[in-house]
Amino acid sequence: MTISRVRATGSYLPEREVLNQDLKQFPASSLPLIEQKTGIAARRYAGENESTSDLAAKAADACLRLANLQAEEVQAIILATSSPDRIQPATATRVQSLLGASQAFAFDVNSVCSGGVYGLEIGNSLIQSGMVSNVLVIASEVYSRILNPTDFSTCPYFGDGAGAVLLERSEGPAGIMGSLLRSDGAGHNVIQVPCGGTMKPYSRMQSPREQYFTMKGKEVYEFAVTRAPEIMRELLASTGLAPECISWVIPHQANVNIINAIAAAVDIPRERFFVNLQKYGNTAGASVFIALDELCRSGEVSSGQIVMLVAFGGGLSWAASAIRF
Amino acid sequence: MHKIIACIKEVFPDCDPSTITPDTRLGDLPGWDSMTSINLLMELEAVFSVSLSNATLTAKQQVSDVAGLLRDKGIEL
C-alpha cells in the first residue's frame, strides 16, 4: 500500500520577539486584555529584509537537514501562504531558487489559516497519484506586513513564522491515514485583505484601512468552534479511529479560547491538544506546521502514535488530517 | 452626535449609521466585542483630541453613554 510518510519537519521563527507590552500603539490599560482574550503573550516579527519566501526557505532548510536530503532531490514544493511576497509569481518559486531545488516544480496554495493542512493533502495526492515520490510542503506567513498596526482586534493576534514537512512515498504503516478538506465560499468576506487584488486595486482604495487584513471576530469564533469539532469527528469516522487512538491534536493556533472550546466539543482530553500560541501568536497557515515541528523535536511523538491536525480560516476553509508516526 | 456616529461607522463598517440613535446598545453594533471596543476608544481619542486611557466601554452601554464620557472630559457635543 502506498502511503505518504512524514520523513522530517522543520520550522523557522524570526528573531525579533514582540511582547504584548511592546505594542505601545495601544492604550496601556488595554494590553492585559490580549493575553486574557487570546492566550497570546508574544509573537515574532520578520526582520526588515525578510519576506515570506525567506522564512519559508529557512524552515525548509531545517527540514531537509533533518532528513539528510539534498535540495536537488526534492521533486515538488508546495508553499501555503496567504501573505505572499508578491501577487505574482508564486512565492514558492523564489523558495525553490533559495534552496537550489533545481529538479522540483513549485507552486503556492492560498487557503489562509487552513493552508498548511490543505498543502499537506495536496502533497499526499501528488504522491498517491505516482507523479512524485517526495514533496516538500511549506507554510510561511509574514502577517506583520498586512496587519493594521492600530487595529486592536487583529494586530495583537498575529505573528510571523514558517514550518515545513517533507513527505515521501512509503509502504507504511506510518503516514497520512486520511484527510478532509472543506470550504464555504458564502463566508469569503469574513476574513480578507480588501485591497490589492483585481476586485479593488490600490488605485481604487477608499480608506487606508482597506490595505490591511480584517476579520469579523465573532463570526470567526462561531465558525471555528462549530466546524473544527465537526470535521474532527468526521475524520475519526472516515478513518475508523476512536478518539482514544489520537495521541496528539495540533489545532490551528488561533486563540486559546477557541482551542478550549474545540477540546470541550470532542471526546479527546484537552491535555492532548498541543498549544504554543502563547509564544508565537497566530501564524496563520504556518501555525500547525510550526507546532508539529516543535512537538516532534520535543521527542514527545513516538513511533506508532497518531497525530491529528485541524485548521480553520479564511475562505471560509477548514481541514483535518490524521498522521501515523 | 454625528461625529460620534462617524467614529462608530469608521470602526464598525458593517453598521448602518442611519439606524444609530442615542439609545443604540453598543453590544448591538455589528462586530462589537471587547477588542473592537478598544478601537472605538482609540478612534474617539483621535477625532476628539482627548485622552480616554482609563475609560472602558461595555456592550451594555449605549451611544448616549459615549456622549456622556466625552462630555465628562470637557468635550462639547
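Guide: We can start at a turn in this predicted model: in the hairpin of β12(A) and β13(A), which has three residues between the strands, A:Gly315 takes a positive phi near 140°.

Visitor: Why is β13(A) called largely enclosed?

Guide: A residue counts as buried if 20 or more other C-beta atoms lie within 10 Å of its own, and eight of the eight residues of β13(A) are buried, so the strand is largely enclosed by the rest of the structure. Both of its faces are covered, with A:Ser317, A:Ala319, A:Ser321 and A:Ile323 buried on one side, and A:Trp318, A:Ala320, A:Ala322 and A:Arg324 buried on the other.

Visitor: What makes β8 and β11 of chain A edge strands?

Guide: In the open sheet of four strands, the order is β8-β13-β12-β11 (chain A) and the pairing is mixed; β8 (175-183) and β11 (246-251) of chain A each pair on one side only, and they are the edge strands. Neighbouring strands of this sheet are turned by 10° against each other on average, with direction ignored. Helix α8 (residues 287-297) of chain A packs on the sheet, where it touches β11 and β12 of chain A, and its direction makes about 140° with that of β11(A).

Visitor: Why are β1 and β5 of chain A placed at the edges of a sheet?

Guide: Five strands form an open sheet of mixed pairing in the order β1-β7-β6-β4-β5 (chain A). Both β1 and β5 (105-109) of chain A have a single partner strand, so one side of each is left without a neighbour in the sheet. Neighbouring strands are turned by 20° against each other on average in this sheet, direction ignored.

Visitor: How do you know that β4(A) pairs with β6(A), and which helix packs on this sheet?

Guide: Four bridges join strand β4 (residues 76-80) of chain A to β6(A), against a requirement of at least two, so they pair; the strands run parallel, and the bridge partner of A:Ala80 in β6(A) is A:Ala139. The helix is α4(A), which packs on the sheet by touching β1, β4, β5, β6 and β7 of chain A, and its direction makes about 165° with that of β6(A).

Visitor: How do you know where the domains of chain A lie, and what makes up the contact between them?

Guide: The bounds come from the domain assignment, which gives domain 1 (3-172) and domain 2 (177-324) of chain A. Taken over C-alpha atoms, 14 Å separate the centres of these two domains, and their contact takes 45 residues from domain 1 of chain A and 43 residues from domain 2 of chain A. On the side of domain 1 that touches domain 2, the largest share, seven residues, comes from α4(A). By class, that side has 20 nonpolar, 19 polar and six charged residues.

Visitor: What makes chain B agree with the size of a compact globule?

Guide: With 77 residues, a compact globule would have a radius of gyration near 11 Å, and chain B has 11 Å, so the value agrees with the rule. The C-alpha atoms of chain B fill a box of roughly 30 × 25 × 20 Å along the principal axes, and buried residues make up 25% of the chain. Chain B has three helices and zero strands, in the pattern α-α-α along the sequence.

Visitor: How do you know that chain B touches chain A?

Guide: Residues are in contact if their C-beta atoms lie within 7 Å, and eleven residues of chain B are in contact with 13 residues of chain A. The residues on that side of chain B divide into four nonpolar, six polar and one charged.

How values were computed
Residues are numbered from 1 along each chain as its sequence is written. Chains are lettered from A and ligands numbered from 1 in the order in which they are written. This is a predicted model: local features need pLDDT of at least 70, side-chain atom pairs count only at pLDDT 80 or more; totals for chains, interfaces and linings use all residues. Two residues are in contact if their C-beta atoms, placed from the backbone, lie within 7 Å. Ala, Val, Leu, Ile, Met, Phe, Trp, Tyr, Cys and Pro count as nonpolar, Asp, Glu, Lys and Arg as charged, and the others, Gly among them, as polar. Axes are lines fitted to C-alpha atoms, for helices over the stretch in contact, and angles run from 0 to 180 degrees between N-to-C directions. Domain bounds come from an automatic or database domain assignment. The radius of gyration is taken over C-alpha atoms; the globule rule is 2.2 Å times the number of residues to the power 0.38. A residue is buried if 20 or more other C-beta atoms lie within 10 Å of its own, exposed if 12 or fewer, and partly exposed in between; C-beta atoms are placed from the backbone.
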